[in-house]
Amino acid sequence: MHSHSDVCIVGNGAIAKTTALALAQAGQSVTLLSPAPAPAVGKPEAEASWDVRVYALNHTAHQLLSSLKVWGALAAERVAPVDAMLVNGDGAQAGGLGFDAYGAHVGALAWIVEDRNLGQALDAALKFAQNVNLVQGRASRLEWTADAAVVHLEGGDTITSSLVVGADGAQSWVRGQCDISLDYRSYGQRGVVSNFACEKPHHGAAHQWFTGSEGIIALLPLPGERVSLVWSAPDALADTLLSESPEQLAARLAAWSADKLGALTPLQPELVRAFPLTLMRPHAMVAPRVALVGDAAHVVHPMAGHGMNLGFADVAQLVKTIAERETHRGIGDERVLARYARARKEDVLLMQLATDGLARLFGADLEPLRVVRNLGLNLLDKLPGLKRKMISHALGTQ
């Protein structure tokens, strides 16, 4: 098989599928190359269960998915708006910082969406999308001709296109083929995730605790009286959390959350997962006839829940940049791709600096730093102008 399209997108996640839909609806012919699905291992998760992998999608993501008719295809009863965000410091003199949708003049700060719910809506949209060719296979080599990029697949098939989009995650094959180097650092933490029923109503509030030596705990609202846990735990503590029962995990959380949410009960006792936390800064987001989006282009600490939102902003900007190019320039033109990279540079850098700086500041278990950071949280909470600026950037509404 030797296929031709305007764009070849490599990847199988939500960012890859969104990129395919967005570019196809913008009039480009698209090939979406994804690996064949791996055989199921263990007991499949029931549709009625709650996915432990969730995203806090901001207004940029909401607007993009709405424009693609994907947001309306989500199972609405499984989407929870975030009406408030309460950040808590650590120690006896813990500081605090609060945001709410009313103060930000928006209907919701964000929306908590399960990975499975989002994936099903995107898959349904792709089935009816025009100009999208879905190809399963494993890429083996990327080469360039005078006017195109060619993706070679194992088995001898090829996909020729004017632009290749690497949406294939943190270990991006596309990025590797372009010899784009990167700065990498492990945080020595893992994100431990699970879901719980809560005794008290959460009222649409997301809670976050900076605990110092025990990492960062976030409880995000799910529909009904349920919450989703993301615990950025040091590796040794993560090993302990994974070895304990979910009931023991709930008991640990009670020390932080009991006064706000009451007793926590595991929703699915067998579902406690973990993933390593890293910072990855590729030295470029573009290469000849190649653009990177999502985790292929940047990986940040998940404390703010904005890794996925950065990816959706990449997609929106790439589509916008291509649409605004001069008529004599192709979609893979070097100057067009350079404009995309410049447009994303500041937003990505600010999020990297903010999440990395906070991870370092609140990860240090020193009493002087504990006092300073708690004072800082309290001070920031009393500066409405700065708070509005911060929340506007986080929401993607600026």
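**Note on the predicted model: strand pairings, helix packing and selected residues**

1. In strand 10, the residue that forms a bridge with Arg-141 is His-152. This belongs to the antiparallel pairing of strand 9 (residues 139–144) with strand 10 (residues 149–153), which runs over 5 bridges, and the two strands form a hairpin with 4 residues between them. Strands count as paired here if DSSP finds at least two bridges between them, and the elements themselves are DSSP runs numbered from the N terminus, with helices (H or I) of at least four residues and strands (E) of at least two.

2. On provenance, this is a predicted model, in which local features need pLDDT of at least 70 and side-chain atom pairs count only at pLDDT 80 or more, while totals for chains, interfaces and linings use all residues. Residues are numbered from 1 along each chain as its sequence is written, and side-chain values use heavy atoms, with hydrogens and water left out.

3. An open sheet is formed by 3 strands in the order 3-7-4, with antiparallel pairing. Strand 3 (54–57) and strand 4 (80–82) stand at its edges with a single partner strand each, so one side of each has no neighbour in the sheet. Neighbouring strands of this sheet are turned by 30° against each other on average, direction ignored, where axes are lines fitted to C-alpha atoms (for helices over the stretch in contact) and angles run from 0 to 180 degrees between N-to-C directions.

4. Strand 4 and strand 7 (residues 110–114) run antiparallel and are joined by 3 bridges, and Val-82 stands opposite Ala-110 in strand 7. Helix 4 (residues 115–127) packs on the sheet and touches strand 3 and strand 7, its direction making about 80° with that of strand 7; contact means heavy atoms within 4.5 Å.

5. Which aromatic pair does a search of the whole structure find? The search finds 1 aromatic pair, and its rings, those of Trp-71 and Trp-111, have their centres 5.6 Å apart and their planes at 75°, so the pair is edge-to-face. Trp-71 lies in the loop between helix 2 (59–67) and strand 4, and Trp-111 in strand 7, so the pair ties together parts that are 40 residues apart in sequence. For this assignment, rings of Phe, Tyr and Trp (its six-membered ring) pair if their centres lie within 6.5 Å, and planes under 30 degrees apart count as stacked, over 60 as edge-to-face and the rest as tilted.

6. Both tryptophans can also be described by their accessibility: Trp-71 counts as buried at 16% relative accessibility, and Trp-111 is buried with a relative accessible area of 13%. The classes are buried under 20% relative accessible area, exposed over 50% and partly exposed in between, with a 1.4 Å probe and protein chains only.

7. Helix 1 (residues 14–25) has 12 residues and reaches 16 Å from its first C-alpha to its last, close to the 16 Å expected at 1.5 Å a residue, the expected span being 1.5 Å times one less than the number of residues. Of its 12 residues, 11 are buried, so helix 1 is largely enclosed by the rest of the structure; among them are Ile-15, Lys-17, Leu-21 and Leu-23. Gly-27, which follows helix 1, has a positive phi near 100°.

8. The C-alpha atoms of Val-319 and Leu-23 are separated by 6.3 Å, although the two residues are 296 residues apart along the chain. Val-319 is buried, with a relative accessible area of 18%.

9. His-202 lies in the loop between strand 12 (182–198) and strand 13 (205–210) and counts as buried at 11% relative accessibility. A polar atom of its side chain lies 2.9 Å from the backbone nitrogen of Gly-204. Not counting residues up to four places away in sequence, His-202 touches several residues, including Pro-221, Glu-225, Arg-226 and Leu-261.

10. Lys-69 has a positive phi of about 65° although it is not a glycine; it is placed in the loop between helix 2 and strand 4 and counts as exposed at 66% relative accessibility. His-203, likewise not a glycine, has a positive phi of about 55°, lies in the loop between strand 12 and strand 13 and is exposed, with a relative accessible area of 67%.

Conventions:
A polar contact is a pair of N or O atoms within 3.5 Å; within protein, one must be able to donate a hydrogen and the other to accept it, and residues adjacent in sequence count only if both atoms are side-chain atoms.
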